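Morning, everyone. I'll keep this brisk. Please look at the structure on the screen while I talk.

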Amino acid sequence: IEVNLDGGYIPVFLDTWDIIDGGTIAGDFGSISVPAAPALQIYRVIVENDRVFVVLTCLADFDGTGILNLQDIFKYLEVFNSGSPNADLAAPFGTLNLQDIFAYLTLFNNGCNP
């Protein structure tokens with residue numbers, strides 16, 4: 001999936017775009033490409049059972065709600081355990097280790113503010 005913004009459009013924190021809405025979602029995208037986000041924010045592609053959407057949110061928000069809670073920690077650990085590069089938050093980059101988990105917890109503790 002490749003996410004592009006219309007020229008001149010400047011998204012704000014928690015702007016959301018539905019990609020797929022309805023039906024049963026199965027499988028993953030082969031690759032995901034998103035635009036550069038403002039400092040300390042990220043465009044996340046969130047895949048749910050019946051919806052795929054993109055949201056501009058903070059780095060620690062792994063469920064796309066803009067509210068940090070236990071679900072974000074569980075989702076981060078799921079991404080980490082899958083070996084995804086999205087969980088690689090600390091040097092040395094390219095290797096998932098305990099430092100990545102500590103880096104995530106630091107982001108989480110810093111909160112989710114625009």
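Start with Asp88. Asp88 is buried, yet it has no salt bridge. Arg44, the nearest side chain of opposite charge, is 13 Å away. Cut-offs, quickly. Buried means under 20% relative accessible area, exposed means over 50%, and partly exposed lies in between, with a 1.4 Å probe and protein chains only. A salt bridge needs a side-chain nitrogen of Lys or Arg within 4 Å of a carboxyl oxygen of Asp or Glu. On charge, Lys and Arg count as positive, Asp and Glu as negative, while His and the chain ends are not counted.

Two notes on the source. This is a predicted model, where local features need pLDDT of at least 70 and side-chain atom pairs count only at pLDDT 80 or more, while totals for chains, interfaces and linings use all residues. Residues are numbered from 1 along each chain as its sequence is written, and side-chain values use heavy atoms, with hydrogens and water left out.

Where does Asp88 sit? In the loop between helix 1 (70-81) and helix 2 (98-110).

What does the side chain of Asp88 reach? The backbone nitrogen of Gly94, at 2.5 Å. Leaving out residues up to four places away in sequence, Asp88 touches Phe93, Gly94, Thr95, Leu96 and Asp100. Contact means heavy atoms within 4.5 Å.

Asp100 takes us to helix 2. The buried residues there are Asp100, Ile101, Tyr104 and Phe108. Viewed down the axis of helix 2, its buried residues fall within an arc of 100°, so they line one face. That arc is taken over the directions from the helix axis to the C-beta atoms. The face turned away from the buried side of helix 2 carries the exposed residues Asn109 and Asn110. As for geometry, helix 2 has 13 residues and reaches 19 Å from first C-alpha to last, close to the 18 Å expected at 1.5 Å a residue. The expected span is 1.5 Å times one less than the number of residues.

Now the ends of helix 2. Asn97 caps the N-terminal end, with a side-chain oxygen 2.8 Å from the backbone nitrogen of Gln99. After helix 2 comes Gly111, with a positive phi near 90°.

What do the buried residues of helix 2 pack against? Helix 1. In helix 1, the buried residues are Asp72, Ile73, Tyr76, Val79 and Phe80. They cover an arc of only 125° around the axis, which puts them on the same side of helix 1. These buried residues of helix 1 pack against helix 2. The twelve residues of helix 1 should span 16 Å at 1.5 Å a residue, and the end C-alpha atoms are 16 Å apart, which agrees.

Helix 1 has its own cap. A side-chain oxygen of Asn69 lies 2.9 Å from the backbone nitrogen of Gln71, capping the N-terminal end. Just after helix 1, Gly83 takes a positive phi of about 80°.

Next, charge pairs. How many salt bridges does a search of the whole structure find? Two. In one, Asp18 pairs with Arg51, the closest N and O atoms being 2.7 Å apart. This pair links distant parts of the chain: Asp18 is in strand 1 and Arg51 in strand 3 (residues 51-58), 33 residues apart. Asp18 is partly exposed at 45% relative accessible area, and Arg51 is partly exposed at 23%.

Glu78 forms a salt bridge with Lys75, with the closest N and O atoms 3.2 Å apart. Glu78 and Lys75 are three residues apart in helix 1, so about one helical turn separates them. Lys75 counts as partly exposed, at 29% relative accessibility.

Last stop, Tyr9. Tyr9 lies in the segment before strand 1 (16-21). Tyr9 is partly exposed, with a relative accessible area of 37%. The side chain of Tyr9 makes a polar contact with the side chain of Asp15, at 2.5 Å. A polar contact is a pair of N or O atoms within 3.5 Å; within protein, one must be able to donate a hydrogen and the other to accept it, and residues adjacent in sequence count only if both atoms are side-chain atoms.

Methods. Helix = DSSP H or I, 4+ residues; strand = E, 2+ residues; numbered from the N terminus.
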